[in-house]
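This report goes through a protein model part by part, for a reader who has the sequence and the coordinates at hand. The headings below name the topic of each part.

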Amino acid sequence: MPIAHLTDRGVVKVAGADAKRFLDGLLTCDLDKIDPDRPGFGALLTPQGKILFDFLIFQAPGEEAAYFLDTPRFACEDLVKRLSFYRLRAKVSIETLADALCVLAGWDRPPPPPEIGLVGQDPRLPALGWRAIAACEDAPSLADADARDYHAHRIALGVPEGGRDFL
């Protein structure tokens, strides 16, 4: 019944008055189906349809205009750069929070209370459990497993992850 601190994951924040419209026009997921208790799974594709980035996307509670993308840590800066390229006149801010916010994953146990941060069921497969985005200072005290344990669990369920299982 582990909670894993996914040190190989990072967080990108997209916020502002046009955040929803901006992301809805670029990503593969429908942002109308995402709310603070229900993250979604999406990707940013090339014009030819190849996957550039995949991520879980969380909406901040109380702030309809703030979204947090849980993506491979090594891809955070490139994702920020790519999203910024499309920003044009949209009223959005795009930044990486990989050093301030951390990603946790848990399975075979109930999720932590929402006071720790953004928490929701992994949208890809119920057996994967839940995901959370929390302050990095809190993550080590909540975790009793590491990324290797989570990836073994994910692979046993046959769920691929961008940057590891496909490029």
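## Gly120 and strand 8

In this predicted model, G120 is found in strand 8, which covers residues 117–121. G120 is buried, since its relative accessible area is 5%, and buried here stands for anything under 20%. Leaving aside the neighbours within four places in sequence, the residues in contact with G120 are D37, P39, F58, W130 and R131. A43, by comparison, lies 77 residues from G120 along the chain, and the C-alpha atoms of the two are separated by 18 Å.

D122 is found in the loop between strand 8 and strand 9. Although D122 is in a loop, this residue counts as buried, because its relative accessibility is 2%. Not counting residues up to four places away in sequence, D122 touches L56, L128, G129, W130, R131 and Y150.

Strand 7 spans residues 101–106, and because six of its six residues are buried, the strand is largely enclosed by the rest of the structure. In a regular strand the side chains alternate between the two faces of the sheet. Both faces of strand 7 are covered, with L101, V103 and A105 buried on one side and C102, L104 and G106 buried on the other.

Which strands are joined to strand 7 by bridges? Strand 1, residues 3–5, runs antiparallel to strand 7 and is joined to it by three bridges; within this pairing, H5 has L104 of strand 7 as its bridge partner. Strand 9, residues 130–135, also runs antiparallel to strand 7, and six bridges join these two strands.

The structure holds one disulfide. This disulfide joins C102 to C136, with an S to S distance of 2.1 Å. Because C102 lies in strand 7 while C136 lies in the loop between strand 9 and helix 3 (139–142), the pair ties together parts that are 34 residues apart in sequence. The torsion about the S-S bond of C102 and C136 is about 100°, so the disulfide is right-handed. Are the two cysteines of this pair buried or exposed? C102 is buried, and C136 is buried as well.

## The largest pocket

The largest pocket contains about 160 Å³ of space. Of the 13 residues that line this pocket, L52, F53, F74, G162 and G163 are the closest to its centre. Strand 4 (51–59) and strand 5 (66–72) each supply at least two residues of the lining, and the largest share, four residues, comes from strand 4. By class, the lining of the largest pocket is made up of eight nonpolar, three polar and two charged residues.

## Two residues with positive phi

Most residues other than glycine have a negative phi, and most peptide bonds are trans. L88, although not a glycine, has a positive phi of about 50°. L88 is found in the loop between helix 2 (76–87) and strand 6 (93–96), and this leucine counts as exposed because its relative accessibility is 75%.

D108 also has a positive phi, of about 60°, although it is not a glycine. The place of D108 is in the loop between strand 7 and strand 8. Is D108 buried or exposed? At 57% relative accessibility D108 counts as exposed, since the cut-off for that class is over 50%. D122, in the loop between strand 8 and strand 9, counts instead as buried.

Terms used:
Residues are numbered from 1 along each chain as its sequence is written. This is a predicted model: local features need pLDDT of at least 70, side-chain atom pairs count only at pLDDT 80 or more; totals for chains, interfaces and linings use all residues. Side-chain values use heavy atoms; hydrogens and water are left out. Buried means under 20% relative accessible area, exposed over 50%, partly exposed in between (1.4 Å probe, protein chains only). Contact means heavy atoms within 4.5 Å. Two strands pair if DSSP finds at least two bridges between them. On a 1 Å grid over the protein atoms alone, a cavity is a set of points where a 1.4 Å probe fits but cannot get out, and a pocket is an open set with protein on both sides within 12 Å along at least five of seven lines; lining residues have an atom within 4 Å of a point. Grid points are joined across faces, edges and corners, and a volume is the space filled by probe spheres set on the points. Ala, Val, Leu, Ile, Met, Phe, Trp, Tyr, Cys and Pro count as nonpolar, Asp, Glu, Lys and Arg as charged, and the others, Gly among them, as polar. A disulfide is a pair of cysteine sulfur atoms within 2.5 Å.
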